[in-house]
Amino acid sequence: MWYWLFKYVLLGPILLLLGRPTIKGHENIPTDGAAILASNHQAVLDSFYLPLRSNRRITFLAKSEYFTGSGLKGAFQRWFFTAVGQVPIDRTGADAAQDALNAGLRVLDGGKLLGIYPEGTRSPDGRLYKGKTGMARLALESGVKVIPVAMVGTDKMNPIGSKMWRPAKVTVIVGEPIDFSRFEGMGGNRFVERAVTDEVMYKLMKLSGQEYVDIYAASLKNPKPAKAEDPQTVESDEPAAPLAAVADPDTEQTDGPHVPDTRAS
């Protein structure tokens, strides 16, 4: 009940007034059944405007810190995220990646729409960064289609570091669903998962018009000294956004520079 109350009464009207949001390609969102909505991530408000423009409810995986805070702020956050039906995941433990994967599969097994940010965190500068492969494993293990979604304008309304929303035009662009059934039974193969991820990122790049950067966004937000024996080591992501992507199920091996897969879906 709270989800729809926030959408249509408590929060939605304010967002409609400030962002004047429009959606293109709404017909690409299925009217029933499970699917993964894979979106670029420009601002915290992405997690509000995407559900606002969808006729169906969308569930995101929220990091567990938003359910465990103390004091009045912690109580409000816990109530808010629980009320709108978000799923908490612990990204700090040894089994964090598997727990996130299992949580995502439960949502999809229930025939719901699952929202994911493949970049794992908000873009630090408006560019599109390398996607993490947790989304690919979810798609391969569940067998559902992946729908690329480009959020445009939310970074103007909600710049990183800003405390107040600013009026700005927001556009949601929904691409055609991508069917990865050709890779059936190949979940867990890191090369296949990377190919699936890059194909989705390529679609997002085309839809959003963003410049693509072949590094993880978190490596810019949380720089750490690389080990001498492995100067190209990529550190794990600690998302800055409250609703973040599924973590990589396993540690990525370093490979050479590449461009997102340009094959047709």
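Helices (H or I, at least four residues) and strands (E, at least two) are DSSP runs, numbered from the N terminus. The model in your viewer is predicted, so local features are given at pLDDT of at least 70 and side-chain atom pairs count only at pLDDT 80 or more, while totals for chains, interfaces and linings use all residues. Residues are numbered from 1 along each chain as its sequence is written, and side-chain values use heavy atoms, with hydrogens and water left out.

**Stop one: helix α2**

Select G19, which lies in helix α2. Is G19 buried or exposed? G19 has a relative accessible area of 0% and is buried, where buried means under 20% relative accessible area, exposed over 50%, and partly exposed in between, with a 1.4 Å probe and protein chains only. Now show the residues that G19 touches, not counting residues up to four places away in sequence: they are Y49, M157, A168, K169 and V170, contact being heavy atoms within 4.5 Å. A C-alpha to C-alpha distance drawn from G19 to V170 gives 5.2 Å, although 151 residues separate the two in sequence.

**Stop two: helices α5 and α6**

Select α5 (residues 96-109) together with α6 (residues 134-142), whose axes come within 10 Å and cross at roughly 45°. Axes are lines fitted to C-alpha atoms, for helices over the stretch in contact, and angles run from 0 to 180 degrees between N-to-C directions. The two helices, α5 and α6, are therefore oblique to each other, the class left once angles under 35 degrees (roughly parallel), over 145 (roughly antiparallel) and 65 to 115 (roughly perpendicular) are set aside. Show L101, G104, L105 and L108 of α5 with R137, L138, E141 and S142 of α6, as these residues make the contact.

**Stop three: E193**

Finally, select E193 in helix α8 (residues 190-208). E193 counts as buried, at 0% relative accessibility. Leaving aside neighbours within four places in sequence, E193 is in contact with T133, A136, R137, L140, G187 and G188.
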